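Colleague: I've got some time to go through this one with you. Could you take me through the labels and how each was reached?

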Amino acid sequence: MPSLAPAPLAVALFLPDMEDRPDRRSAVDLAHGLLRAGVAVDVVAPMGGGPLRAALNPAVGQIDLAKRHAATSALALARVIAERQPSLLALPRDVAWVGRLALWLGRGDARLVVLEGDAETDFAAIRAAAPRWG
């Protein structure tokens, strides 16, 4: 008999790069906060490497799209969304259009959360957008 328990909350956090900038550092802090709250988190970036990659907890999934720029990542991000089926796709405002396009291309039903660059504010936004927090 199938379980009626809801699937755990999963968040895909798309970053345009892993450079050590305040908004990217905030996103890494957000990933760690979500992990502590029991959320499955994948950090997705166009290109592997970068100073913040080493700062991620090993329990946070790291997905390299093998793309040179965020602007060329929509199709690869759509594939990740289709395969991983996250509940939420969170991304900074400057690449929100990439997320919208990826959701459309992948026919994903994940909710889109645009990050403000402050871990506490972004955590609250994700919590509010979560279809089921648990």
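Colleague: Leaving out residues up to four places away in sequence, what does Leu15 touch?

Modeller: Keep in mind that this is a predicted model. Leu15 touches Arg24, Ala27, Val43, Val44, Ala45, Pro46 and Pro92. Leu15 itself sits in the loop between β1 (10-14) and α1 (22-36).

Colleague: Why is Leu15 called buried?

Modeller: Buried means under 20% relative accessible area. Leu15 has 1% relative accessibility, so Leu15 counts as buried.

Colleague: How far apart are Leu15 and Gly33, in sequence and in space?

Modeller: They are 18 residues apart in sequence, and C-alpha to C-alpha they are 16 Å apart in space.

Colleague: What about Asp42: buried or exposed, and how do you know?

Modeller: The relative accessible area of Asp42 is 13%, and the limit for buried is under 20%, so Asp42 is buried. Asp42 is in strand β2 (residues 40-45). Setting aside neighbours within four places in sequence, its contacts are Val11, Ala12, Leu13, Gly61, Ile63 and Arg84.

Colleague: What makes Arg21 and Asp23 a salt bridge?

Modeller: The rule asks for a side-chain nitrogen of Lys or Arg within 4 Å of a carboxyl oxygen of Asp or Glu. For Arg21 and Asp23 the N to O distance is 3.8 Å, so the pair meets the rule. Asp23 also forms a salt bridge with Arg24, at 2.4 Å, N to O. Asp17, Arg21, Asp23 and Arg24 are linked in a network of salt bridges. By this rule the count comes to six salt bridges.

Colleague: Which residues have the most contacts inside the largest nonpolar core?

Modeller: Leu13, Met18, Val43, Leu88 and Ile126, in a core of 24 residues. The elements that give two or more residues to this core are β1, α1, β2, β4, β5 (111-115) and α4 (119-129). The largest share, five residues, comes from α1. There is also a second, separate core of 19 residues, which includes Ala74, Ala78, Leu103 and Ala110.

Colleague: Which residues of helix α2 are buried, and what do they pack against?

Modeller: In helix α2 (residues 74-84), the buried residues are Ala74, Ala76, Leu77, Ala78, Val80 and Ile81. The buried residues of α2 pack against β1, β2, β3 (61-64), β4 (88-92) and α3.

Colleague: What makes up the nonpolar surface patch?

Modeller: Leu75, Trp97, Leu101, Trp104 and Leu105 make a patch of about 540 Å². Helix α3 (residues 96-105) gives the most to the patch, with four residues.

Colleague: What is the phi of Gln85, and where is Gln85?

Modeller: Gln85 has a positive phi of about 50 degrees although it is not a glycine. Gln85 is in the loop between α2 and β4. With a relative accessible area of 63%, against a limit of over 50%, Gln85 is exposed. Ala66, in the loop between β3 and α2, has a positive phi of about 60 degrees and is not a glycine either. Ala66 counts as exposed at 59%.

Colleague: Last one: which elements have the lowest and the highest mean pLDDT?

Modeller: Among the elements of the chain, α4 has the lowest mean pLDDT (91) and β2 the highest (96). The chain has a mean pLDDT of 90, and 93% of its residues reach 70 or more.

Key
Residues are numbered from 1 along each chain as its sequence is written. This is a predicted model: local features need pLDDT of at least 70, side-chain atom pairs count only at pLDDT 80 or more; totals for chains, interfaces and linings use all residues. Side-chain values use heavy atoms; hydrogens and water are left out. Buried means under 20% relative accessible area, exposed over 50%, partly exposed in between (1.4 Å probe, protein chains only). Contact means heavy atoms within 4.5 Å. Patches are made of residues with over 30% relative accessible area and no salt bridge: like charges are joined within 9 Å, nonpolar side chains (Val, Leu, Ile, Met, Phe, Trp, Tyr) within 5 Å. Accessible areas come from the Shrake-Rupley method with a 1.4 Å probe; for residues, only the protein chains shown count as cover. A nonpolar core is a set of buried Ala, Val, Leu, Ile, Met, Phe, Trp, Tyr and Cys residues joined through side-chain atoms within 4.5 Å. pLDDT is the predictor's confidence in each residue, from 0 to 100.
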